[in-house]
Amino acid sequence: MADTDLSVAAHAAPTTLKHHFDDREQQLESSTLGMWVFLLTEIMFFGGMFGAYTVYRNLYPAAFASTSHYMNVTLGATNTAVLIFSSLTMALAVRSAQLGQKRALISFLTFTLILGLVFLSIKYVEYHEKWVDHHIPGPGFHYAEPQYFHQAQILFFLYFAMTGLHALHMIVGAGLIITLIAMAARNRFSSGWYTPVEMIGLYWHFVDIVWIFLFPLLYLIGRTMR
Amino acid sequence: MTHEVVPVRKYVAVFAALIALTIATVLISGIDLGEYNFVIALTIAVTKGSLVVWFFMHVNQSSSLTRLFVGAGFFWMLILLMFVLSDYLSRGWLPGPRWW
């Protein structure tokens with residue numbers, strides 16, 4: 001009798017619940033915790049760069065402040081708004097997945113993807129500006145204030161390393177969203193199981209947070225210091 | 001930790017707050033407030049980051065265990081920065097702040 005019950009239960013159990021979990025709640029909790037552990041390693045990864053930035057800004061405050069005048073604040077602020085908007089559409093995508101609304105899910109994911117690509121395009125324009133202005137560290141580097149020639153290069157090196165690593169995360173995120181769209185189109189998600197949408201949502205928001213810190217540090221805080 | 005469905009207007013309110021803070025930080029950065037420019041810019045960034053973590057990343061609905069992990073991550077980040085700075089500052093490799 002007990003065996004029959006079990007086999008019935010096993011047949012009735014939705015395939016999205018893996019057998020090593022007691023219930024959906026535990027399954028989602030495990031995924032969320034695992035994703036956060038990954039994001040913690042990402043915090044440490046970016047943390048090393050923020051640490052390097054902190055040390056060098058304290059070492060050469062005047063040189064670092066002078067570089068703020070060559071950052072395009074308008075483009076940086078626009079990109080901040082674009083990324084925050086993409087976080088909103090990502091949050092709404094997760095919400096659509098929770099409600100099992102396939103069309104809305106695909107629309108919001110597509111919207112998030114487009115905003116991510118807009119961000120990368122604007123970043124390209126900024127990088128191109130730096131190229132034209134000879135603000136890429138290395139043999140071709142020119143700087144209007146010769147006394148800061150070497151020190152400013154350190155900031156531009158950090159600028160490219162930090163925004164470049166951030167852009168790399170955006171590109172990975174765009175790839176992940178394309179995967180999500182393909183999965184959603186194949187009816188892989190339901191209101192009972194949408195874990196990948198939620199997890200990649202966490203990743204996307206994390207990348208947004210990194211930019212929220214990069215923007216004031218690289219573009220803003222030296223604007224009035226001379 | 002079954003997630004409740006959050007009303008759209010709540011997400012939009014968080015979004016509006018984030019945009020307002022972005023505008024505020026850009027405007028304030030144009031005013032010379034000395035060292036407070038840095039303090040204000042970072043305070044606004046921390047506020048914005050917290051809004052994203054709390055509402056968009058659903059930490060407000062998360063289990064205590066997840067919250068502990070999230071808190072630990074940011075705490076370890078602080079340890080990293082504090083120890084690096086205390087080392088550089090105490091060896092005199094960095095100039096101290098003006099009030100030092």
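This passage describes the interface between chain A and chain B and a nonpolar surface patch in a predicted model. Local features require pLDDT of at least 70 and side-chain atom pairs pLDDT 80 or more, while totals for chains, interfaces and linings use all residues, and side-chain values use heavy atoms, with hydrogens and water left out. Residues are numbered from 1 along each chain as its sequence is written, and chains are lettered from A in the order in which they are written.

In the interface, 51 residues of chain B are in contact with 49 residues of chain A (contact means heavy atoms within 4.5 Å). The buried area is about 4300 Å² (accessible area, 1.4 Å probe, lost by the two parts on being put together, summed over both). Carbon and sulfur atoms give 79% of that area. On the side of chain B that touches chain A, two or more residues each come from α1 (8-29), α2 (36-56) and α3 (64-90) of chain B (helices are DSSP runs of H or I, at least four residues). Helix α3(B) gives the most, with 13 residues. By class, this side of chain B holds 36 nonpolar, twelve polar and three charged residues (Ala, Val, Leu, Ile, Met, Phe, Trp, Tyr, Cys and Pro count as nonpolar, Asp, Glu, Lys and Arg as charged, the others as polar).

A nonpolar patch lies on the surface (Val, Leu, Ile, Met, Phe, Trp or Tyr side chains joined within 5 Å, each residue with over 30% relative accessible area and no salt bridge). Its members are A:M44, B:F75, B:W76, B:L78, B:M82 and B:F83. Together they have about 690 Å² of accessible area (Shrake-Rupley method, 1.4 Å probe). Helix α3(B) supplies the largest share, five residues. B:M82 lies in this helix.

Key: Patches are made of residues with over 30% relative accessible area and no salt bridge: like charges are joined within 9 Å, nonpolar side chains (Val, Leu, Ile, Met, Phe, Trp, Tyr) within 5 Å. A salt bridge is a side-chain nitrogen of Lys or Arg within 4 Å of a carboxyl oxygen of Asp or Glu.
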